[in-house]
Amino acid sequence: MKTSNPVLARLGQAAERERAAGYAQPGPYGQPGYPQQYPQYPQQQPYPTGHGFPAAPPTVTPMTLDDVVVKTVLMLGILGASAAAAWVLVPDALTGVAWIGAAVVGLVLGLVISFSRMANPALVVAYSIVEGVFVGMVSKTFDTLYDGIVLQAVVATFGVFFLMAVIYKARIIRATPKFARIMVAIIAGLFGVMLINLVLALFGVNTHLRDGSPLAIGFSLVCIVVAALSFVLNFAEIEEGVRMGLPQRYSWTAAFGIVVGLVWLYLEILRLLSYFQGDD
């Protein structure tokens, strides 16, 4: 199954590679992670262990849902600590510079992690720190203008996330191939619209998509709904990865995908709430 999140889309590809290599096949009693066959060695090295016996095949610990939960909580903890530190330590005069710099670095790290073939915990942790600085600077800016808005956005973000987890668990919404195709098309369209809007804004053109107008409110609501629905695809990818016995290290990749979705949802909710704040 395909997902709208390029990070989690690679989970299925990784599972196929692991299975092809013989390290993600189900065991004789349905347990995942047993090697399919012993590795082949060159003729000139008949006894690689030095004791007259073939080397034992490497073991691969399969990923579990608990692994993904633990890694996600860890990433959120690092991101939150980084955001709090940036909020306190970065001077107001440098808020804009820190905001833009963290956004650029975070984007680069996100793309590297998303399209790399191997899960890299160090890069994921680095992304959490940098993205924490970005979120902290954005949050500080909004909280300066609208007191208490950050707490409201955080509560609303996790409320939506847990609601979608319950909806997915109850199978109220299913990640069918048709649903996935529609979501991918919508998210690609939203990304294109936001990119065009950003370019036009740099040239002083106001499209009214981000200025608090009724059109802007409607656009933010669409983004929030789509961000929330994308978690259904994320949950399905993780569930499939666990079922296929994906190696444990990919729990970092899955957690990274969830955190990316949470940050997007948080920023959209933060922006929407700002539209309804008074001018006092």
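Is the crossing of H3 and H4 left-handed or right-handed?

Modeller: The crossing of H3 and H4 is left-handed (the near helix is turned anticlockwise from the far one by less than a right angle; clockwise would be right-handed). This is a predicted model, in which local features need pLDDT of at least 70, side-chain atom pairs count only at pLDDT 80 or more, and totals for chains, interfaces and linings use all residues. Residues are numbered from 1 along each chain as its sequence is written, and side-chain values use heavy atoms, with hydrogens and water left out.

Helix H3 spans residues 95–115 and helix H4 residues 121–145; their axes come within 8 Å and cross at roughly 145° (helices are DSSP runs of H or I with at least four residues; axes are fitted to C-alpha atoms over the stretch in contact, and angles run from 0 to 180 degrees between N-to-C directions). On the H3 side, the contact (heavy atoms within 4.5 Å) is made by Thr95, Ala98, Trp99, Ala102, Ala103, Val105, Gly106, Leu109, Gly110, Val112 and Ile113. H4 contributes residues including Leu123, Tyr127, Glu131, Phe134, Met137 and Thr141. By class, the residues of this contact comprise 17 nonpolar, 4 polar and 1 charged (Ala, Val, Leu, Ile, Met, Phe, Trp, Tyr, Cys and Pro count as nonpolar, Asp, Glu, Lys and Arg as charged, the others as polar).

H4 also packs against helix H8 (residues 250–275), at an angle of about 5° and with the axes 11 Å apart. The two helices are therefore roughly parallel to each other (angles under 35 degrees). From H4, Pro121, Val125, Val135, Ser139 and Phe142 are among the residues that take part, and H8 answers with residues including Trp252, Phe256, Val260, Tyr266 and Arg271. This contact holds 15 nonpolar, 2 polar and 2 charged residues.

H8 in turn packs against H7, where the axes come within 9 Å and cross at roughly 165°. H7 and H8 are therefore roughly antiparallel to each other (angles over 145 degrees), and their crossing is left-handed. Among the residues of H7 that meet H8 are Ala216, Ser220, Cys223, Phe231, Asn234 and Phe235, while H8 supplies residues including Ala254, Gly257, Gly261, Trp264, Glu268, Arg271 and Tyr275. Here the contact has 18 nonpolar, 4 polar and 2 charged residues.

Definitions and conventions
Parallel < 35°, antiparallel > 145°, perpendicular 65-115°, else oblique.
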